Amino acid sequence: MGNHPIESLMKTAMESIQQIVDVNTIVGDPVESPDGSVIIPISKVSCGFAAGGSEFAPPDEKDSGHSGGGTPGQGPALPFGGGAGAGVSVQPVGFLVVGNGNIRLLPVDSNVVVDRLIDTVPDLLERIGGMFHKKKRTTDDIIIARD
C-alpha cells in the first residue's frame, strides 16, 4: 500500500489511545488507609476507533471517467480527504480492599445486594456458631457445678 495518508491518520489515533490507556487506568494506584487496609480502585475501560478516507479526482477528470492513477507507478496521486477518531470511556467498577486478613471487592454498582449478602454469610455463620458454642459452654458449666 506504500505510504498512504490514511496510515498516518490511523497511527496518530492509535498512539493517542495508547498514551491514555495503560494498566494504571484499569488497576489504580493503591491507597493505604489509617487502619492499615490497602484500597485499590478497579475500573473498566472501553475504546472505540474509526478511520476513513477517499481520493478525489481533479474536476477536469470527473467527466471523462479517467481515474488518473492514484497508486505508485500509475500516474499522479489523487487528492486525499479523510479522518480518524477514537473514544475512550473509563467507568469505576469497585474497590479491592486488603486488610485484617481479608480481601474484599466493594462494587460501585448499587444493584449488588446479592453480592453483599454472599459476602456477609461467612461472618454471619461464624457469629451464629459462636453463640451456640457459648450457650453449650454455660450449660456444661452449670451441670458440672451441680455435681
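Student: What makes the nonpolar surface patch here?

Tutor: In this predicted model, Met10, Met14 and Phe49 make a nonpolar surface patch of about 260 Å².

Student: Why is Phe49 called partly exposed?

Tutor: Phe49 has 34% relative accessibility. Buried means under 20% and exposed means over 50%, with partly exposed in between, so Phe49 counts as partly exposed.

Student: Where does Phe49 lie?

Tutor: Phe49 is in strand β2, residues 38–55. Helix α1 (residues 5–20) lies across β2 and β3, and α1 runs at about 170 degrees to β2.

Student: How do you know that β3 and β4 pair?

Tutor: Pairing takes at least two bridges between two strands. Strand β3 (residues 80–99) and strand β4 (residues 102–107) have six, in the antiparallel sense, so by that cut-off they pair. Have a look at Val97 too: Arg104 in β4 stands opposite.

Student: What do β3 and β4 form, and how many residues are between them?

Tutor: They form a hairpin, with two residues between them. Asn100, in the turn, has a positive phi of about 55 degrees.

Student: What is the strand order in the open sheet?

Tutor: The four strands go β1-β2-β3-β4, with antiparallel pairing.

Student: Why is one side of β1 and of β4 left without a neighbour in the sheet?

Tutor: Because β1 (31–32) and β4 stand at the edges, each with a single partner strand.

Key. Residues are numbered from 1 along each chain as its sequence is written. This is a predicted model: local features need pLDDT of at least 70, side-chain atom pairs count only at pLDDT 80 or more; totals for chains, interfaces and linings use all residues. Side-chain values use heavy atoms; hydrogens and water are left out. Patches are made of residues with over 30% relative accessible area and no salt bridge: like charges are joined within 9 Å, nonpolar side chains (Val, Leu, Ile, Met, Phe, Trp, Tyr) within 5 Å. Accessible areas come from the Shrake-Rupley method with a 1.4 Å probe; for residues, only the protein chains shown count as cover. A salt bridge is a side-chain nitrogen of Lys or Arg within 4 Å of a carboxyl oxygen of Asp or Glu. Buried means under 20% relative accessible area, exposed over 50%, partly exposed in between (1.4 Å probe, protein chains only). Contact means heavy atoms within 4.5 Å. Axes are lines fitted to C-alpha atoms, for helices over the stretch in contact, and angles run from 0 to 180 degrees between N-to-C directions.
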